[in-house]
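Hi everyone, thanks for letting me go first.

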Amino acid sequence: MPVAATGDYDDGNIFARILRGEIPSQRIYEDAFAVAFHDINPQAPVHVLVIPRGPYISWADFSARATDAEIAGFVRAVGQVARDLGLEEPGYRLLANAGVHAHQEVPHLHVHIFGGRQMGAMLPR
Ligand code: 5GP
């Protein structure tokens with residue numbers, strides 16, 4: 001079910017639990033600001049999620065409340081993970097869903113990294 005991108009942060013959401021190590025994930029990267037792991041239901045040969053460690057619901061929430069260091073650290077982590085995955089040369093797609101119209105399902109900011117095949121048109125028409 002899609003979730004609203006506004007309101008209070010839900011500390012029991014699935015990515016908060018992954019961050020706390022309560023639920024297993026296939027982590028491929030972590031640093032002080034971000035964690036990256038494989039999506040449980042991949043939609044491309046490479047489908048990785050990058051999340052900030054802090055409690056932010058969406059890009060709007062993160063950009064409004066996070067510190068400059070958190071924002072820089074998270075953005076750098078997304079780029080680093082894409083490079084580490086070898087996606088620079090063939091190319092890849094970044095996606096961050098926010099709220100009901102975008103069908104955001106987990107109310108903790110996440111950037112999807114898709115790669116490993118032609119991605120096709122940006123959105124279904
Ligand atoms: P959204 O629609 O919110 O942008 O995407 C949420 C993503 O989280 C989906 O691609 C879904 O497959 C993934 N996901 C949901 N639950 C889990 C989980 O427990 N572990 C992992 N690794 N991914 C999950």
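This is a predicted model: local features need pLDDT of at least 70, side-chain atom pairs count only at pLDDT 80 or more; totals for chains, interfaces and linings use all residues.

Residues are numbered from 1 along each chain as its sequence is written, and side-chain values use heavy atoms, with hydrogens and water left out.

Okay, the ligand. Which residues are closest to it? Out of 17 residues that surround the ligand, the closest are Asp39, Asn97, Glu105, His110 and His112; to be counted as near, a residue needs a heavy atom within 4 Å. By type, that shell has seven nonpolar, eight polar and two charged residues, and here Asp, Glu, Lys and Arg count as charged, while Gly goes with the polar ones.

Now some distances to ligand oxygen atoms. Asn97 has a polar side-chain atom 2.8 Å from one, and a polar side-chain atom of His110 also lies 2.8 Å from an oxygen of the ligand. With Glu105, a backbone N or O atom is 2.6 Å from a ligand oxygen. For all of these, a polar contact means a pair of N or O atoms within 3.5 Å.

Last one: Asn13, in the segment before H1. Is Asn13 buried or exposed? Asn13 is buried, with a relative accessible area of 4%; buried means under 20%, using a 1.4 Å probe and protein chains only. Its side chain reaches the backbone oxygen of Asp10 at 2.7 Å.

Note on methods. A polar contact is a pair of N or O atoms within 3.5 Å; within protein, one must be able to donate a hydrogen and the other to accept it, and residues adjacent in sequence count only if both atoms are side-chain atoms. Helices (H or I, at least four residues) and strands (E, at least two) are DSSP runs, numbered from the N terminus. Buried means under 20% relative accessible area, exposed over 50%, partly exposed in between (1.4 Å probe, protein chains only).
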